[in-house]
Amino acid sequence: MNLLNSSSGNKRRELGFLILYAAAFYAFIIHRSLQLSRDHYLKLFGLRPGWLLPHRLNDVSDAQWRNFQGNLPVLTIVFTLFTLIANL
């Protein structure tokens, strides 16, 4: 019976360690990404002030994002109409 309890305790500690490790890893990656973008701000071409997120730059060189962003008002209207019709 004692072996079963110690195994459960080890699994709980292992899970806690993995959660802490994942949180620290993601915090480091996000911090490093933000630091790199600040350091190389002037070297980044194709960035323009965005309307979707104020005070954030958008990558207008990415055709897929540019296309999505340009069609967002139409997509919003179509989705709203679809939702209204589906609920009637």
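R48 counts as partly exposed at 45% relative accessibility (20% to 50%; buried is under 20% and exposed over 50%, with a 1.4 Å probe and protein chains only). Please keep in mind that this is a predicted model, where local features need pLDDT of at least 70 and side-chain atom pairs pLDDT 80 or more, while totals for chains, interfaces and linings use all residues. Residues are numbered from 1 along each chain as its sequence is written, and side-chain values use heavy atoms, without hydrogens and water.

**Overall picture**
- The protein holds 2 helices and 2 strands (DSSP runs: H or I of at least four residues, E of at least two, numbered from the N terminus).
- Read from the N terminus, these elements follow the order α-β-β-α.
- Of the 88 residues in the protein, 6% are buried.
- Its accessible surface is about 8300 Å², with 68% belonging to carbon and sulfur atoms (Shrake-Rupley method).

**Helix α1 and the annotated span**
- Helix α1 covers residues 2-39, and L18 is part of it.
- With a relative accessible area of 45%, L18 is partly exposed.
- The unreviewed UniProt entry places a "transmembrane region" at residues 15-34; such annotations may be inferred rather than shown by experiment.
- In the model, residues 15-34 are 100% helix and 0% strand, and the end C-alpha atoms of this span lie 29 Å apart.

- Strand β1 takes in residues 47-49, R48 among them.
- R48 and V60 are separated by 12 residues in sequence, yet their C-alpha atoms are 6.7 Å apart in space.

**Helix α2**
- Helix α2 runs over residues 63-87, and its 25 residues should span 36 Å at 1.5 Å a residue (1.5 Å times one less than the number of residues).

Technical notes: Accessible areas come from the Shrake-Rupley method with a 1.4 Å probe; for residues, only the protein chains shown count as cover.
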